[in-house]
Every structure is written in structure tokens, then in C-alpha cells.
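Keep the structure in view while reading.

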Amino acid sequence: ITWFVLSFLSFIVGSYYIFRIFEKSEGNKSPYSRNWRIWLIYLSFVLIFFPFRYNLGSGQVNNFLFLFLVLTFYLLQSKKELWAAFLFSLAILLKITPIFLLFTFLIQKKFKIVMWTIIFSLLISFLTFIIFGSKIYVNYLTVSKSFFDFNIYTYYNQSLTGFLARTFNNSELTKWLLYISTVVLLTVLVFLLKEIKQKNLESDVIFWNISVIYMLILSPFAWQYHFVIIIFPLMTTAYLGYKLKFSYKFFLILSISYLLIGWNIKNKEALGPIILSHVFFGSFILLLINYYLAKNYLLKK
């Protein structure tokens with residue numbers, strides 16, 4: 001019960017700071033975080049979102065990761081880099097995958113947060129070792145080794161690797177296709193950063209969204225409950241679409257992305273790899289939407 005309550009509260013706190021990001025974008029003129037109607041609509045969509053229910057019901061840590069990543073972004077926008085680095089180091093030590101976001105910080109030349117994240121990670125690791133001993137790291141290191149397994153084709157693995165493994169059933173081919181895809185997608189991110197015309201809160205949101213989606217789909221495995229953290233890109237993408245007054249077509253495509261990610265197939269034995277990878281395709285659609293935002297909002301300013 002204690003774990004359930006803490007997990008749910010961490011998600012609520014993280015969600016509150018997403019709304020605070022919206023308020024910061026509008027100069028604190030719109031009290032999104034105190035509008036009960038917005039909260040009611042938001043929580044209604046969240047509670048039917050399968051990754052959230054799966055994560056909460058199975059006692060996973062991803063709501064805490066969600067909180068750490070949201071607070072990291074919020075604190076960076078508030079120019080509190082030391083606290084941001086501390087919370088980001090906790091995210092990395094909780095789950096190794098957020099280390100991918102260091103690449104985004106490096107190409108954005110945010111060297112201070114990279115340096116402090118490394119320092120805090122080493123310091124916390126040392127203190128943990130002193131207090132609890134080495135056994136606490138056994139599971140952490142065991143899970144990390146599975147990042148070199150390119151043949152996890154179970155339905156609940158919704159990363160690019162899971163889709164490729166289900167499609168080709170060839171771990172060697174899957175591995176090289178993942179490597180090539182990673183290089184291509186990272187090159188796109190570097191290109192977008194190079195071509196950007198101005199840096200502001202909105203540009204940081206878009207780059208953070210792209211990076212979080214990369215972190216999920218480029219991992220050798222990403223279970224459906226990991227995708228609770230994609231609620232941040234879903235929310236901020238919807239907000240940017242609203243702020244920029246995009247047409248209903250934009251929100252229709254975004255809704256399709258939400259439905260694909262939030263869906264769960266119960267009778268899946270007779271279905272093919274395309275349908276079984278619906279979370280991956282929903283995430284990829286969300287990625288394309290953020291590319292569209294970058295192209296039409298950031299590169300033309």
C-alpha cells in the first residue's frame with residue numbers, strides 16, 4: 001500500500017510540474033496547475049492509459065523515473081542546474097536508460113549538468129556501496145547486461161529492437177539495424193540542433209521530447225510499463241499544438257499516437273508483428289510529430 005501511494009503521488013507531483021512548465025511558457029498567466037477541470041480531463045486520459053495502469057499495478061519504479069525526468073527539465077528551465085543534475089543522477093541510478101539523455105546535453109553544450117551528473121552519480125554510488133554493500137548492485141548490473149540481447153521478441157517489448165526481432169527473428173540482423181537506426185536518428189537530432197534559429201523553452205521541450213522517445217524506442221528492450229514516461233512528450237506536444245493553433249488534423253494524428261501507445265492486446269497469439277508493435281508505432285508517430293514541430297516552429301523562426 002505504501003509503495004502504491006508513493007508511486008501514485010510521485011506521478012501526480014511530476015504532472016503538476018508539467019503544468020508548471022506550461023505556465024512558465026506563458027509567463028505564469030494561465031494557472032494550469034490549479035485548474036481542476038484540466039486535472040480531471042488529464043487524469044481521465046491517464047487512468048485508461050495501459051502503460052500507466054500496468055506500471056502502477058505491477059509495482060514498477062517508472063513513476064519515480066517520470067518524476068525525476070520532469071523535475072530535471074523543470075529545474076533546468078529555472079536555472080537550478082545543480083539540483084537538476086542531482087535528480088538526473090538519481091534517474092540514471094534508478095534505471096540506466098536515462099544516461100542516453102546525456103548525449104542531448106552534450107550536443108546542446110550543457111557541459112555543467114553533464115559534469116555534475118557524473119559527480120553525483122559517482123558520489124551516490126560510493127555512499128550506497130558503503131552503506132548497503134555490493135549486493136545491491138547485482139540486479140542493476142544483471143539487467144544492464146540484457147542491453148546486449150537483441151532477440152527479446154515478446155509482445156511487451158515495444159522498442160525498435162522488439163519490432164525488428166518479431167519481424168525478422170534474426171538477432172544479428174536486428175543488432176545491426178538497431179545500430180544503423182541509432183546513428184541515423186542521432187544525426188537527425190544533431191542536425192536539428194545545428195539548424196535551430198532560436199533557443200527558448202519551446203525548443204528545449206521539443207528536444208527533450210525527441211530525446212525521451214529515443215530513449216524508449218532505441219533501447220534493446222522497453223516494456224509497456226516503461227512508456228509511462230512518454231506521457232511527458234504526449235502532454236507537451238498537445239500543449240505546443242494548442243499554443244501554435246494547429247488544425248484538428250494535428251490533434252487527430254496525436255490522438256492516434258495516444259491510442260496506439262495506450263492500447264493493450266489481450267488475445268495476441270494469432271496477430272502478426274505489425275499489430276503487436278502498436279506501442280512502438282504510436283511512439284514513432286509522436287516522434288514524427290515532434291520533428292514536424294521542430295521543422296515548422298524552430299527552423300523557420
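## Salt bridges

The model shown here is predicted. It contains four salt bridges. Side chains of opposite charge can pair when their charged atoms come close. Three of these pairs are described below, one at a time.

## A pair within helix H1

Arg20 and Glu23 form a salt bridge, and their closest N and O atoms are 2.5 Å apart. Both residues lie in helix H1; because they are three residues apart, about one helical turn separates them.

Is Glu23 buried or exposed? Glu23 has a relative accessibility of 3%, so it counts as buried, the cut-off being under 20%. Arg20 has a relative accessible area of 19%, and therefore it is buried by that cut-off too.

## A pair between helices H5 and H7

Another salt bridge joins the side chains of Glu81 and Lys112, with an N to O distance of 3.9 Å. This pair links distant parts of the chain: Glu81 belongs to helix H5 (residues 81-94) and Lys112 to helix H7 (residues 111-132), and the two are 31 residues apart.

## A pair within helix H10

In helix H10 (residues 171-195), Glu172 and Lys175 are three residues apart, so about one helical turn lies between them. They form a salt bridge in which the closest N and O atoms are 3.3 Å apart. Glu172 counts as partly exposed because its relative accessibility is 42%.

Ser10 sits in helix H1, which covers residues 2-25. With a relative accessible area of 5%, Ser10 is buried. Which residues does Ser10 contact, leaving aside its neighbours within four places in sequence? They are Asn63, Phe64 and Leu67.

Thr72 is found in helix H4, which runs over residues 62-77. Its relative accessible area is 0%, so Thr72 is buried. Not counting residues up to four places away in sequence, Thr72 touches Ala84, Leu87, Phe88, Phe105, Ile113 and Trp208. The C-alpha atoms of Thr72 and Leu293 are 22 Å apart in space, while the two residues are 221 residues apart in sequence.

## The chain as a whole

How many helices and strands does the protein chain have? There are 15 helices and zero strands. The C-alpha trace spans about 50 × 50 × 45 Å along its principal axes. For 301 residues, a compact globule would have a radius of gyration near 19 Å; the protein chain has 19 Å, so the value agrees with that of a compact globule.

Contacts between residues at least 6 apart in sequence can be sorted by how far apart the partners are along the chain. Of these contacts, 72% join residues at least 24 apart.

## Surface and charge

Of the 301 residues in the protein chain, 50% count as buried. The chain exposes about 15000 Å², and 70% of this area is supplied by carbon and sulfur atoms.

The protein chain carries 27 positive and 9 negative charges. The mean positions of these two sets of charges are 5 Å apart.

Definitions and conventions
Residues numbered from 1 in each chain as written. Predicted model: local features only at pLDDT ≥ 70, side-chain atom pairs only at ≥ 80, totals over all residues. Heavy atoms only, no water. Helix = DSSP H or I, 4+ residues; strand = E, 2+ residues; numbered from the N terminus. Buried < 20%, exposed > 50% of the residue type's maximum accessible area, 1.4 Å probe, protein only. Contact = heavy atoms within 4.5 Å. Rg over C-alpha atoms; globule rule 2.2 N^0.38 Å. Areas by Shrake-Rupley, 256 points an atom, 1.4 Å probe, with all protein chains shown as cover. Lys, Arg positive; Asp, Glu negative; His and termini not counted. Charge placed at Lys NZ, Arg CZ, Asp CG, Glu CD.
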